[in-house]
Amino acid sequence: TYGSSRGAPATRMMAAEGVTFGELDGTDVRVGIISTRWNEEIVNRLTDGVKESLKECNVTESNIFETKVPGAFELPLAARFLSLSQTVDAVVCVGCLIKGDTMHFEYIAESTCKGLMDVSIQTSTPVVLGVLTCTEEEQAIKRSTGDNNHGVDWGKTAVEMGLLRMSAT
Ligand code: DLZ
């Protein structure tokens, strides 16, 4: 179980960024993806990136549950419902906040991030923060395209943290 076996915890908990696909076997990991309809084109590309890396980690299609919410502000509650359903081992919340679009960008960004962390800690279900916060659309496009598609890292993070949850509970 977590905390008692091979290697120092710090080694086993290293960030997904430094972990290669081959090291993550998500065969038995169930992942929920919640994405927003706001900034849909960008969010769809990010979601594709998430699914691409889940596939690389052997997560089966039948173990992926997908749903949508209107905007980033709705992500924490949807993540809470999904986490409490006990049907997934990790949740990835995918969205994109663009500063130019909203006067209350900072409020939505802060409450969304805090809300997702709260859900994660309160439900003991890893919730991956897959929300881009960008000053303008161009930045969002860069962060959701090609080799720089952040969704790919979020998928790996979900598998790594899902495995951690499974070993801890
Ligand atoms: C209202 C709003 C604005 C202005 N901008 C964004 C955005 O850039 N990205 C996003 O995901 N959502 C945005 N929203 C919608 C809010 O997140 C939320 O859906 C509404 O305030 C309704 O609660």
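In the predicted model, helix α4 is followed by S124, a residue whose phi is positive, near 55°. The helix itself covers residues 105-123.

The residues of α4 divide by burial. T112, G115, L116, V119 and S120 are buried. Seen down the axis of α4, these buried residues fall within an arc of 130°, and therefore they line one face of the helix. An α-helix has 3.6 residues a turn, so residues three or four places apart point the same way. On the other side of α4, the exposed residues are E106, Y107, E110, K114, I121 and Q122. The cover over the buried residues of α4 includes one helix, α3 (75-84), and the strands β3 (90-98) and β4 (127-134). Relative to the strands, α4 lies across β3 and β4 and runs at about 170° to β4.

The sheet to which these strands belong is open and is formed by 4 strands in the order β2-β1-β3-β4, with parallel pairing. Strands of a sheet pair through backbone hydrogen bonds, either parallel or antiparallel. Within the present sheet, strand β1 (residues 31-36) runs parallel to β3 and is joined to it by 5 bridges. S35 stands opposite V94, a residue of β3.

Across the whole protein chain, the secondary structure comes to 6 helices and 4 strands. From the N terminus on, the elements follow the order α-β-α-β-α-β-α-β-α-α. The protein chain has 169 residues, of which 43% count as buried. Contacts were also considered by separation along the sequence. Among contacts in the protein chain with a separation of 6 or more, 82% are accounted for by residues 24 or more positions apart.

Terms used:
Residues numbered from 1 in each chain as written. Predicted model: local features only at pLDDT ≥ 70, side-chain atom pairs only at ≥ 80, totals over all residues. Helix = DSSP H or I, 4+ residues; strand = E, 2+ residues; numbered from the N terminus. Expected span 1.5 Å × (residues − 1). Buried ≥ 20, exposed ≤ 12 C-beta atoms within 10 Å, placed from the backbone. Arc of directions from axis to C-beta. Contact = placed C-beta atoms within 7 Å. Pairing = 2+ DSSP bridges. Axes fitted to C-alpha atoms, helices over the stretch in contact; angles between N-to-C directions.
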